[in-house]
Amino acid sequence: MRPVNGYFDEFGGKFIPETLMPAVCELEKSFYFFIKDKSFNKELNNLFYNYAGRPTPLTYAPNISKDLGFKVYLKREDLCHTGSHKINNALGQALLAKKMGKTRVIAETGAGQHGVATATVCALLGLKCEVYMGTCDIERQKLNVFRMELLGAKVTPVSSGNKILKDAITEALRDWMANVDNTYYLLGSVLGPHPYPLMIRHFQSIIGIETKKQIIQKEKRLPDVLLACVGGGSNSIGLFYSFLKDKDVKMYGIEAGGRGFKAGEHASRFKGGSIGILHGTRTYILQDEWGQILPTHSISAGLDYPAIGPEHSYLKKTNRIKFDSVNDKETLDAFSYLSEKEGIMPALESAHAIAYLFKLKLKKGSIVIVNLSGRGDKDIDIVYKDYYG
């Protein structure tokens, strides 16, 4: 759906300081113009298919399928250039930034994949790049920090708050307020004020468009189930969006159950959260009774965020998508399982979706597609420490 006045029903909006309103309105106007512009779309498609490595394969997983008793396919966003789905959105927004005449791009990152993707496209398009990253995430994603710096980006540590993704977004927004004339804020997920949730869904919807064509070609029918992890929710809405009108296709968004459901031990917004406002949008948030943001935890830095995209909140309210969670141990088990069974190492974020396969009760011959949103190279040190160490 297209949001009405920036809202998906009661979710979304533009809750931002007055100093940012002109920049956000300029962005909205530019986005609506360029997505209808033939030359912009031709240039973006060229980048998708000749730079980012699209289309990504839809890979049948024979060994897992044999174990589970139903067919499992993996949408291989881990095979994109830079190692995750984040390149789709980064290319779209960076190209838009250049068309708008911006010379500097800022971004936030948690697991580092969005930061790497942003640094990559800025190098390609000749844009100055600065990435904000919590010091906690810097420590657990050292390799991605080096990759960003190698690509020419400045990585700015954020030591405020819990030192994670939430705090990196806050600092990036402060930077944008101070430098709106020449700076473009390349937000990484379907969060923030309108038009970001709509815009990022638009750029990520290539995932579902490809998947629908591929599964019909392979199986001559649509899947029974779609699975994807959900932090902010860009990889999941990217897969789900093309199937939303296909009522027989069930969809599951998997949040981070962390270490348990006490406050501060997880990042499951629909199990422990309530409706509130964070980083410019009205959505489900982990907050206390006074509206103060609660600390979060996930073994995966990319899911360690207290809010979820507003369109997901709408799709939860309308029961179109079912949301559940898996804990850190189940995630680590799934990481090891996919690696050993199929020779494919998933990002810890994606491993949340793999773990949920074991909770499905399906008939023989059912078809499940899992969005493998990123590869696990970045998480080797974490897995070794927490699982094998």
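How far is the sulfur of cysteine 122 from the closest cysteine sulfur? Select cysteine 122 and cysteine 129: their sulfurs are 4.1 Å apart, which is too far for a bond. A disulfide needs the two sulfur atoms within 2.5 Å. Bear in mind throughout that this is a predicted model.

**Stop 1: the cysteines**

Stay on cysteine 122 and show the surface. The residue counts as buried, at 1% relative accessibility. Now search for disulfides in the whole structure: there are zero. Cysteine 80 is likewise in no disulfide, and the nearest cysteine sulfur, that of cysteine 229, is 14 Å away. Cysteine 80 is buried, with a relative accessible area of 2%.

**Stop 2: the four-stranded sheet**

Select β5, β6, β7 and β8. These four strands form an open sheet in the order β7-β6-β5-β8, and the pairing is parallel. β7 and β8 are the edge strands, each pairing on one side only. On average, neighbouring strands of this sheet are turned by 25° against each other, direction ignored.

Start with strand β6, residues 128–134. Is β6 mostly covered or mostly uncovered? Six of its seven residues are buried, so the strand is mostly covered. On one side, six bridges in the parallel sense pair β6 with β5, residues 104–109. To see one of the paired positions, select glutamate 108, whose bridge partner in β6 is tyrosine 132. Strand β7, residues 154–158, also runs parallel to β6, and five bridges join the two. Here, select methionine 133 and find its bridge partner in β7, proline 157.

Then move to the pair β5 and β8, which is parallel over three bridges. Isoleucine 106 stands opposite tyrosine 185 in β8.

**Stop 3: threonine 183**

Select threonine 183, which lies in strand β8, residues 183–185. Is threonine 183 buried or exposed? Its relative accessible area is 1%, so threonine 183 is buried. Leaving out residues up to four places away in sequence, threonine 183 touches Lys102, Arg104, Ile106, Asp175 and Trp176. Show the side chain of asparagine 182 as well: a polar contact of 3.0 Å joins it to the side chain of threonine 183. Finally, draw a line between the C-alpha atoms of threonine 183 and alanine 23. The two residues are 160 residues apart along the chain, and these atoms are separated by 9.5 Å.

**Stop 4: the six-stranded sheet**

Clear the selection and pick β3, β4, β14, β9, β10 and β13. They form an open sheet of six strands in the order β3-β4-β14-β9-β10-β13, with mixed pairing. Which strands stand at the edges? They are β3 (58–60) and β13 (322–327); each has a single partner strand, so one side of each is left without a neighbour in the sheet. From one strand to the next, the twist averages 30°.

At the β3 end, three bridges join β3 to strand β4 (residues 71–76), and the two run antiparallel. Tyrosine 60 stands opposite tyrosine 73 in β4. Helix α10 (residues 206–219) packs on the sheet, where it touches β3, β4 and β14 (367–372). The direction of α10 makes about 140° with that of β4.

Now bring up helix α14, residues 328–342. Helix α14 lies across β4, β10 (250–258), β13 and β14, and runs at about 85° to β13.

**Stop 5: serine 300**

End in a loop. Where is serine 300? Its place is in the loop between β12 (281–285) and α13 (310–317). Serine 300 is buried, with a relative accessible area of 0%. Show side chains to find a polar contact of 2.8 Å between those of serine 300 and serine 298. Not counting residues up to four places away in sequence, serine 300 touches Arg140, Leu348, Glu349 and His352.

Methods
Residues are numbered from 1 along each chain as its sequence is written. This is a predicted model: local features need pLDDT of at least 70, side-chain atom pairs count only at pLDDT 80 or more; totals for chains, interfaces and linings use all residues. Side-chain values use heavy atoms; hydrogens and water are left out. Buried means under 20% relative accessible area, exposed over 50%, partly exposed in between (1.4 Å probe, protein chains only). Two strands pair if DSSP finds at least two bridges between them. A polar contact is a pair of N or O atoms within 3.5 Å; within protein, one must be able to donate a hydrogen and the other to accept it, and residues adjacent in sequence count only if both atoms are side-chain atoms. Contact means heavy atoms within 4.5 Å. Axes are lines fitted to C-alpha atoms, for helices over the stretch in contact, and angles run from 0 to 180 degrees between N-to-C directions.
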